[in-house]
Every structure is written in structure tokens, then in C-alpha cells.
Amino acid sequence: MSIFLILLLVVVIVFAIKGVIIVQQAEVVIVERLGKYAKTLESGLNFIVPIIEAPRGVAWKITHKGLDGGSYSYIKEKTKIDLRESVYDFPRQTVITKDNVSISINALLYFQIVDAKSAVYEIQNLPEAIEKLTQTTLRNLVGQLDLDETLVSRDKINVELRSILDEATNKWGVKVNRVELQDIIPPQDIQSAMEKQMKAERDRRAAILEAEGLKKSAILKAEGEKESQVNRAQGQKEAEILKAQGFAQARLIEAEAEKEAIKRITEAFDNKGQPDKYLIAMKYLESLADISKGQNNKIVYMPYEATGILSSIDGIKEMLNK
């Protein structure tokens with residue numbers, strides 16, 4: 001009787017161990033009943049019937065980098081499927097461009113399982129299938145581009161590759177969120193030629209920039225000289241105008257003074273004298289003085305109009321006496 005109880009206790013313990021499954025957050029477990037899909041266990045405490053029900057094992061390719069920098073992969077069977085976003089760093093591969101240049105490319109793939117049942121039953125070894133699909137699709141895309149287009153169209157390749165992979169893996173219950181090309185490495189001889197081409201292009205741009213700088217400098221210098229000449233001419237013009245205006249004002253002031261002098265002389269004659277003759281006589285005497293200033297003028301003569309001048313002088317004398 002004791003042996004039976006012991007056996008019963010052992011069976012109960014085994015059933016308890018095999019029948020209780022704890023699933024962590026963001027993980028699921030596929031359970032089969034007698035080899036057929038039964039249910040999907042969510043996170044938390046779950047119970048199954050041992051022997052009749054059992055978790056479905058999934059083959060999963062796992063890649064690790066060794067100490068030497070190389071990538072090593074192995075297949076591991078696991079019963080829990082991770083629903084978090086996964087990152088796969090695919091090994092470097094050689095692809096040929098449209099112009100027959102062999103380049104080396106490696107890519108990063110970000111994907112997430114959204115339907116665990118499809119990921120288990122629709123494809124065998126999901127990670128390896130995604131890797132192979134990514135490699136073949138990448139070869140097809142790069143094969144349609146030249147080397148130059150491949151080097152400058154990384155974003156375009158990422159978008160097209162993600163779209164194709166997302167559509168192809170939809171039936172596997174997978175969502176491809178992003179694809180990133182890490183490195184695009186052309187052959188060494190192509191790299192050397194590209195470096196020389198880049199150096200020549202930089203030298204050409206430098207020469208163009210230098211020529212443009214000299215051109216702009218010459219233009220600015222010419223414009224500066226032109227503006228300087230214009231300003232100088234404008235200044236001279238304004239100076240001449242101011243000088244002419246000053247001379248005109250001086251003449252006006254002189255005329256006003258002469259006018260005032262004539263007026264006073266007229267008043268001095270009490271309107272009885274002859275101021276016009278007086279003025280003529282004065283101007284005449286000034287002219288004679290100018291004529292006699294020359295060094296070689298030795299002849300002294302008396303003009304015909306001397307009597308008129310003398311009469312004017314007599315008139316002045318009479319005016320002063322008054």
C-alpha cells in the first residue's frame with residue numbers, strides 16, 4: 001500500500017511539473033494536443049495536461065560573434081517564442097551591380113513576430129528563412145543599379161527592401177519594421193579610382209571657387225573705383241556750384257553796395273546835380289589808371305573828353321564844398 005502511494009505521489013509531482021507552464025511577458029508558447037495545434041499560451045501561469053498536451057518546439061537559428069570577429073551560427077530548439085522586435089545582423093555577402101562590379105554588403109534587419117501560430121506552422125526555421133530571403137532580394141535590387149547609383153541610393157534600397165520583405169513575410173506572421181545597409185564596400189582598385197576621382201573633383205571645385213573669388217574681387221574693386229570716381233566728380237561738381245553761388249552772391253552784394261552808393265550820391269546832389277556823369281567820370285579815371293600801370297607805358301596823353309572829365313571834377317569839388 002505504501003508503494004502505491006509513493007508511485008501516486010510521484011505521478012502527481014510529475015504531472016504538476018509537466019502541467020504547469022509559466023510564460024514570461026512578451027512571450028507565447030504553442031501547445032499541441034496529440035500532435036495537433038491546441039492553443040497559444042499567453043504570459044502568466046498556464047496549465048496543460050501532460051502526455052496529452054505538450055509545447056511545440058521551434059527550431060531557431062542563433063548567430064554569435066566569436067573572439068576573432070567572425071560570426072558563428074547554430075540551431076537551437078526552444079518552446080517559447082519572443083514577440084519583441086528582433087535584430088538580425090546578416091553576414092556580409094558579395095553582390096554584382098548592373099555594370100558588373102562586385103561589391104560587399106551587409107545588412108541589419110528589424111522584424112517582429114505578430115502571429116506566433118503562423119511563425120511556427122507556415123515556415124521552418126523562421127530566422128534562417130528571413131536571412132535567405134533578405135540576401136536574394138538584396139542581390140536582385142543591387143543588380144538593377146550601377147555602382148554609382150548603389151553608393152548614393154542606400155535609403156532607396158532600404159525602403160524597397162523593407163517593402164518586399166514585409167510583403168513576403170506577412171504569411172509567416174512577421175512584420176518587417178526596418179532594413180539598414182551597414183556597409184557597401186567596392187573592390188580595392190575601384191576604391192583607388194574613386195579616391196583619385198574625388199581628389200580631382202575637389203581640386204576642380206577649389207580652382208573654380210578660387211576663380212570665382214578673384215572674379216568677384218575684381219568686380220568689387222572696379223565697382224569701388226567707379227563709385228569713388230563718381231563721388232569725386234560729384235564732390236567737384238558741388239564745389240563748383242557752391243563756388244559759383246558764392247561768386248554770384250558776392251556780385252549781388254557788391255551791386256547792392258554800389259546801388260546804395262549811387263543812391264547816397266544822388267541824395268547828396270539834392271537831385272540837382274548830375275550823378276550819371278559823376279559815375280561815368282569815376283569809371284573813366286579808373287580805366288586810365290589801369291592803362292598807365294604797364295611798365296613800358298611812357299606816353300602820357302590827355303583824351304579828347306578831358307574837358308568833360310574836368311567839368312565832372314569841378315562838379316565833385318562843388319559837392320564836397322557844400
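How many nonpolar, polar and charged residues does the lining of the largest cavity have? The close-up views below, taken from a predicted model, lead to the answer.

**View 1. Helix α3 packs against helix α5.** Here we meet two helices, α3 with residues 126-142 and α5 with residues 154-168. Their axes lie 10 Å apart, and the angle between them is about 135 degrees. That angle makes α3 oblique to α5. As for handedness, α3 passes α5 in a right-handed crossing.

**View 2. Residues of α3 and α5 make the contact between the two helices.** On the α3 side, look for Leu133, Thr134, Thr137, Leu138 and Leu141. Helix α5 brings Ile157, Glu160, Leu161, Ile164, Leu165 and Ala168. Sorted by class, this contact of α3 with α5 counts eight nonpolar residues, two polar ones and one charged one.

**View 3. The whole structure holds one cavity of 30 Å³ or more.** The largest cavity contains about 40 Å³ of space. Its lining includes Phe90, Pro91 and Gln93. Also in the lining of this cavity are Ile105, Asn106 and Ala107, along with Thr134, Gln135 and Leu138.

View 4. Now for the opening question: the lining has five nonpolar residues, four polar residues and no charged residues.

Technical notes:
Residues numbered from 1 in each chain as written. Predicted model: local features only at pLDDT ≥ 70, side-chain atom pairs only at ≥ 80, totals over all residues. Heavy atoms only, no water. Axes fitted to C-alpha atoms, helices over the stretch in contact; angles between N-to-C directions. Helix = DSSP H or I, 4+ residues; strand = E, 2+ residues; numbered from the N terminus. Parallel < 35°, antiparallel > 145°, perpendicular 65-115°, else oblique. Left-handed = near helix turned anticlockwise from the far one by under 90°. Contact = heavy atoms within 4.5 Å. Nonpolar A, V, L, I, M, F, W, Y, C, P; charged D, E, K, R; others polar. 1 Å grid on protein atoms, 1.4 Å probe; cavity = no way out; pocket = protein on both sides within 12 Å on 5 of 7 lines; lining within 4 Å. Points joined across faces, edges and corners; volume = space filled by probe spheres on them.
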